[in-house]
Amino acid sequence: MFDSGIAAADLITGLKDEIDVAQAIPNTEYVFWLNSLQQLLYSEFIKEQRKVTIISPTAGVISIDDEVLDPSEGESRLRFEDIYRVYADGTELTKATLSSGAIFPNAYYKVGKDIGYNVEGVSDMVIIYFARPELITVDDDDDTIDEDAIVMLPYEFLDLVKARLRGEAYKLANEDDTAAKWLNDYNVLLENFKNWLTTRNPTLGM
């Protein structure tokens with residue numbers, strides 16, 4: 001994952017010092033906006049892949065809470081929507097609905113929050129998924145941001161983060177013109193970031 005080297009708490013403190021609005025905006029709001037942005041960027045654009053192998057999976061359903069799916073440090077737990085590919089003994093499974101997955105072989109599907117699959121006699125299952133950063137936390141009692149949390153984006157695109165958070169702050173304060181200016185900057189920077197990612201993507205495979 002990307003690591004800007006900048007603490008989320010420091011970035012937010014700097015923004016709060018510069019944003020001139022009448023109402024006080026708590027850290028919880030800024031952290032919510034930052035978490036939402038990072039989750040979106042990793043899910044929709046960065047799409048950094050991870051692989052997990054499950055030996056002799058429980059027949060029919062893999063629990064998302066299974067310890068074999070425990071996330072690496074700094075990452076969020078896998079959810080069904082993060083899955084990119086599933087292989088059972090080397091055979092790629094087809095993503096299906098709950099109703100069709102139970103009928104057609106070599107399929108996987110969502111069961112509640114878990115992963116159901118219709119394959120007999122599986123010795124190992126490989127799940128390829130898109131990783132997302134761990135959510136940044138705030139102490140609700142004193143509004144303190146986790147001091148170890150880092151902004152998980154390239155340093156050269158911190159302005160993208162700042163533009164989004166400025167826009168959201170001014171929007172919350174009903175300063176629509178200023179909010180629109182910063183959110184427009186965010187959209188331009190987002191396109192630049194998408195182009196930056198494209199030039200660095202592998203040439204073989206997704």
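Q: Is Asp70 buried, exposed or partly exposed?

A: Please bear in mind that this is a predicted model. Asp70 has a relative accessibility of 42% and counts as partly exposed, because the class in between runs from the buried limit of 20% to the exposed limit of 50%.

Q: With which residue does Asp70 form a salt bridge?

A: The general idea is that side chains of opposite charge can pair when their charged atoms come close. In this structure, the partner of Asp70 is Arg77, and their closest N and O atoms are 2.4 Å apart. Arg77 is partly exposed too, with a relative accessible area of 26%.

Q: How many salt bridges does the model contain?

A: The count comes to twelve salt bridges. One of them joins Glu18 to Arg166, with 2.5 Å between the closest N and O atoms. Glu18 belongs to helix α1 (residues 8-18) and Arg166 to helix α4 (residues 158-172), so this pair ties together parts that are 148 residues apart in sequence.

Q: What is the accessibility of Glu18, and what is that of Arg166?

A: Glu18 is partly exposed at 43% relative accessibility, whereas Arg166 is buried, its relative accessible area being 11%.

Q: Where do Glu168 and Lys171 lie?

A: Both residues lie in helix α4, three residues apart, which is about one turn of the helix. Glu168 is buried, with a relative accessible area of 12%, while Lys171 is partly exposed at 40%.

Q: Which residues are linked in a network of salt bridges?

A: Such a network links Glu48, Arg50 and Glu75.

Q: Which residues form a negative surface patch?

A: A negative surface patch is made up of Glu73, Glu134, Asp146, Glu147 and Asp148. Let us take Glu134 from this patch as an example. Glu134 is found in the loop between β8 (124-130) and β9 (138-139), and at 47% relative accessibility Glu134 counts as partly exposed.

Q: Strand β8 has now been named. In which sense do strand β3 and β8 pair, parallel or antiparallel?

A: As a general idea, in a regular strand the side chains alternate between the two faces of the sheet. In this structure, strand β3 (residues 83-88) pairs with β8 in the antiparallel sense, over five bridges. Within this pairing, Ala88 stands opposite Met125 in β8.

Q: What is the bridge partner of Ala88 in β4?

A: In β4, Ala88 has Thr91 as its bridge partner. Strands β3 and β4 (residues 91-92) pair in the antiparallel sense over two bridges. The two strands form a hairpin with two residues between them, and Asp89 in the turn has a positive phi of about 50°.

Q: How many helices and strands are there in the protein chain?

A: The protein chain has five helices and ten strands. Its C-alpha atoms fill a box of roughly 65 × 40 × 30 Å, taken along the principal axes. Of its 206 residues, 42% count as buried; Arg166, at 11%, is buried, and so is Glu168, at 12%.

Note on methods:
Residues are numbered from 1 along each chain as its sequence is written. This is a predicted model: local features need pLDDT of at least 70, side-chain atom pairs count only at pLDDT 80 or more; totals for chains, interfaces and linings use all residues. Side-chain values use heavy atoms; hydrogens and water are left out. A salt bridge is a side-chain nitrogen of Lys or Arg within 4 Å of a carboxyl oxygen of Asp or Glu. Helices (H or I, at least four residues) and strands (E, at least two) are DSSP runs, numbered from the N terminus. Buried means under 20% relative accessible area, exposed over 50%, partly exposed in between (1.4 Å probe, protein chains only). Patches are made of residues with over 30% relative accessible area and no salt bridge: like charges are joined within 9 Å, nonpolar side chains (Val, Leu, Ile, Met, Phe, Trp, Tyr) within 5 Å. Accessible areas come from the Shrake-Rupley method with a 1.4 Å probe; for residues, only the protein chains shown count as cover. Lys and Arg count as positive and Asp and Glu as negative; His and the chain ends are not counted. The place of a charge is taken as NZ of Lys, CZ of Arg, CG of Asp or CD of Glu. Two strands pair if DSSP finds at least two bridges between them.
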